[in-house]
Amino acid sequence: MRKPIMAIMYDFDKTLCTTDMQNYGFIPALGMTPEEFWKKTQDFSNGTGVERILSYMYMMIKLGKEKNLPMTKKWFNKLGENIEYYPGVLTWFDRINKYGEKNGVKIEHYIVSSGTKEIIEGTKIAKYFKKIYGCEFYFGPGAEGTPLWPKLAINYTQKTQYFFRISKGVINQRDDNRLNDVQEKKRIPPENIVYLGDGMTDIPCMVLVKQNGGKSIAIFNDDGKSINRAKLAKRVNYACKADYSSDSELEKTVKLIIDHISVEHSLKEKEEKLRKLTLK
């Protein structure tokens, strides 16, 4: 049997980094505070009925043009360099990959975010992800093209499709035909998928992963004061503080999941050997 694959799906804002990614560089470039920008976004959504994610993308284009910001894809990538991460994030991926390798489990990392993909692509950790799914802009022609229209928007319910894409190995987000095909055997079994998220946009995906035998982990950064554990218990498997450091509760939990996948794989191998002997 081939080595089992474990997929870890991550939200980005307030899951890996400390606040909304636009707060670090984009909003200061507008000469605004995060509170001012997000209020404008909310007011626009309330006043027009435009969906919340599309509203923030619209306001980024509108206000960026008003301030004559050089909003090329390269400029957005540059904003990713200023992201501040929770403790241990920068070394997390190498540590988890090595632990998986040691236990015979291949680890794949995926971002599924309602944030801006072009910013995420410029971060120090972008290289660790097999695929980054996020809200994208359609840019005008040439290297100096600026955003003209949303290319892809991912809200809380749309996140759920990426669970099926990752499980089936249909990671091209424009490939809907193969996504809807019936697969008897998934590239990554649903029970080998882990989802890490912190907020309302993560709840449908957390529930979906848990219901399909995977593991959902709620990430919090306030010592759990804001967590309604009674509600969380029905939606996630675990809740861990936003600390990705070595020997943290989060690392211990993910390592236990890796151990479980490794043991399950070994047991299935033994069952398969016995089955083949019985058929002889």
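**Entry: S5 and S6.** I looked up how strand S5 (residues 193–197) and strand S6 (residues 215–220) are joined, and found 4 bridges. The two strands run parallel. The model is a predicted one, which I note here before going on. I then picked out Gly197 and looked for its bridge partner in S6, which is Ala218. I reminded myself that strands of a sheet pair through backbone hydrogen bonds, either parallel or antiparallel.

**Entry: the whole sheet.** Next I traced the order of the strands and wrote down S4-S3-S2-S1-S5-S6-S7. The sheet is open, has 7 strands, and its pairing is mixed. Which strands stand at the edges? I found strand S4 (147–152) and strand S7 (238–241) there. Each has a single partner strand, so one side of each is left without a neighbour in the sheet. For the twist from one strand to the next I noted an average of 25°.

**Entry: H7 on the sheet.** I followed helix H7 (residues 160–168) and found that it lies across strand S1 (5–10), strand S2 (106–116), strand S3 (131–139), S4 and S5. Helix H7 runs at about 155° to S1.

**Entry: H7 and H9.** I also looked at how H7 packs with helix H9 (residues 203–211). The angle is about 40°, and the axes are 8 Å apart. H7 and H9 are therefore oblique to each other. Which residues meet here? From H7 I listed Thr160, Phe163 and Phe164, and from H9 I listed Pro204, Cys205, Leu208 and Val209. Sorted by class, this contact of H7 with H9 has 6 nonpolar residues, 1 polar residue and no charged residues.

Key:
Residues are numbered from 1 along each chain as its sequence is written. This is a predicted model: local features need pLDDT of at least 70, side-chain atom pairs count only at pLDDT 80 or more; totals for chains, interfaces and linings use all residues. Side-chain values use heavy atoms; hydrogens and water are left out. Two strands pair if DSSP finds at least two bridges between them. Axes are lines fitted to C-alpha atoms, for helices over the stretch in contact, and angles run from 0 to 180 degrees between N-to-C directions. Contact means heavy atoms within 4.5 Å. Angles under 35 degrees count as roughly parallel, over 145 as roughly antiparallel, 65 to 115 as roughly perpendicular and the rest as oblique. Ala, Val, Leu, Ile, Met, Phe, Trp, Tyr, Cys and Pro count as nonpolar, Asp, Glu, Lys and Arg as charged, and the others, Gly among them, as polar.
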